[in-house]
Amino acid sequence: MTSASATDRRTFFKSAIATAPVVASAAAVLTSPLPAFAKDYEPKFDDMKQIFALGVTLDNLADKVKDPNKFEAALEGIRLFNRDPKFYPGYARNFVSKSVKNNADGDARVGYVRQACTSISSLQELLEGRQGLEGQAAADEAVKRVRRAQELLALFVKESGVEDERFADFLANIDIHEIEVMRAGRIESLGAWLTWRIFTIWDMEIIINL
């Protein structure tokens with residue numbers, strides 16, 4: 001990590017987003033909300049606090065993007081964020097790899113952070129008017145993307161295995177029910193597909209043997 005990248009992230013938090021205080025895969029994988037942690041590692045707040053900090057500070061970004069007159073203020077921080085868009089997914093992967101021996105990159109929690117960062121990064125083109133929306137329409141869409149990113153980061157926090165009282169207010173103010181329902185739906189669909197495949201193969205074997 002370069003010192004310039006670290007400076008960009010600090011500036012990002014201080015400018016457009018971070019004026020708020022920071023209080024601080026296979027079916028088996030998909031159906032397990034919390035993977036078993038390695039016996040020699042207990043998830044720690046300090047190992048995932050950057051993700052938590054990002055989630056908390058998105059409140060300030062939402063306040064800026066909801067007002068078209070504040071787009072430039074929001075864009076200042078978003079452009080800095082986009083200079084190193086892989087930082088947070090990499091940080092999440094490093095955290096997960098402490099407890100997941102194989103394919104940490106494919107862990108659902110890393111996916112949450114990756115999707116959240118993609119949503120945040122997409123705001124640059126949106127607020128610059130390059131996605132066909134302007135004014136209040138762009139503002140409304142931007143707020144949706146910020147809240148979506150925040151919900152995904154809240155899921156990461158919830159499933160991190162870390163228990164800390166500093167999470168209470170953040171998780172209480174984020175509605176992650178919709179994402180959990182969507183995730184459950186994907187798991188159910190995968191289960192149905194696997195069942196169909198098993199019975200299809202079984203039926204083909206019967207036909208071949210006739």
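A residue counts as buried when its relative accessible area is under 20%, and as exposed when that area is over 50%. Keep those two cut-offs at hand during this tour of a predicted model.

**Stop 1: Gln 150**

Select Gln 150, which lies in helix 8. Is this residue buried or exposed? Its relative accessible area is 1%, so Gln 150 is buried. Now show its side chain and look for Gly 55. The side chain of Gln 150 reaches the backbone oxygen of Gly 55 at 2.8 Å. Next, display what surrounds Gln 150. Neighbours within four places in sequence aside, Gln 150 is in contact with Gly 55, Val 56, Leu 58, Asp 59, Phe 170 and Ile 174.

**Stop 2: the whole chain**

Zoom out and colour by secondary structure. How many helices and strands does the protein chain have? There are 10 helices and 0 strands. Followed from the N terminus, the elements read α-α-α-α-α-α-α-α-α-α. The protein chain has 210 residues, and 41% of them count as buried. Switch to a surface view: the chain exposes about 11900 Å², of which carbon and sulfur atoms supply 54%.

**Stop 3: confidence**

Colour the chain by pLDDT. The average over the protein chain is 79, and 65% of the residues score at least 70. Where is confidence lowest, and where is it highest? Helix 2 (residues 27-30) has the lowest confidence, with a mean of 34, while helix 7 has the highest, at 98. Then select residues 16-37. Over this stretch pLDDT stays under 50, and the model has 51 contacts for it beyond four places in sequence.

**Stop 4: aromatic rings**

Show the side chains of the aromatic residues. How many aromatic pairs are there? The count comes to 8. Begin with Phe 52 and Phe 167, an edge-to-face pair whose centres are 5.0 Å apart and whose planes make 65 degrees. Phe 52 is in helix 3 (residues 49-65) and Phe 167 is in the loop between helix 8 (135-158) and helix 9 (168-172), so the pair ties together parts that are 115 residues apart in sequence. Phe 52 has 0% relative accessibility and therefore counts as buried. Phe 167, at 4%, also counts as buried.

For another pair, move to Phe 87 and Tyr 88. Their rings are edge-to-face too, at 4.8 Å centre to centre and with 80 degrees between the planes. Both Phe 87 and Tyr 88 are buried.

Arg 166 lies over the face of Phe 45, at 3.8 Å from the ring centre.

**Stop 5**

Select Pro 68, in the loop between helix 3 and helix 4 (71-81). With a relative accessible area of 31%, Pro 68 is partly exposed. Which residues does Pro 68 contact, leaving aside its neighbours within four places in sequence? They are Gly 135, Gln 136 and Ala 139. Draw a line between the C-alpha atoms of Pro 68 and Gly 135: these residues are 67 residues apart along the chain, and the two atoms are separated by 5.5 Å.

Then select Glu 134, in the loop between helix 7 (123-127) and helix 8. Glu 134 has 65% relative accessibility, so this residue counts as exposed.

**Stop 6**

Go to Ser 121, in helix 6 (residues 108-121). Its side chain makes a polar contact with the side chain of Asn 82, at 2.7 Å. Neighbours within four places in sequence aside, Ser 121 is in contact with Phe 81, Asn 82 and Pro 85.

End at Asn 103, in the loop between helix 5 (87-97) and helix 6. Check the backbone here: Asn 103 has a positive phi of about 55 degrees, although it is not a glycine.

Key: Residues numbered from 1 in each chain as written. Heavy atoms only, no water. Phe/Tyr/Trp six-rings, centres within 6.5 Å; stacked < 30°, edge-to-face > 60°. Helix = DSSP H or I, 4+ residues; strand = E, 2+ residues; numbered from the N terminus. Buried < 20%, exposed > 50% of the residue type's maximum accessible area, 1.4 Å probe, protein only. Lys NZ or Arg CZ within 6 Å of the ring centre and 35° of its normal. Areas by Shrake-Rupley, 256 points an atom, 1.4 Å probe, with all protein chains shown as cover. Contact = heavy atoms within 4.5 Å. Polar contact = N/O pair within 3.5 Å; in protein donor to acceptor, adjacent residues only side chain to side chain. pLDDT = per-residue confidence, 0-100.
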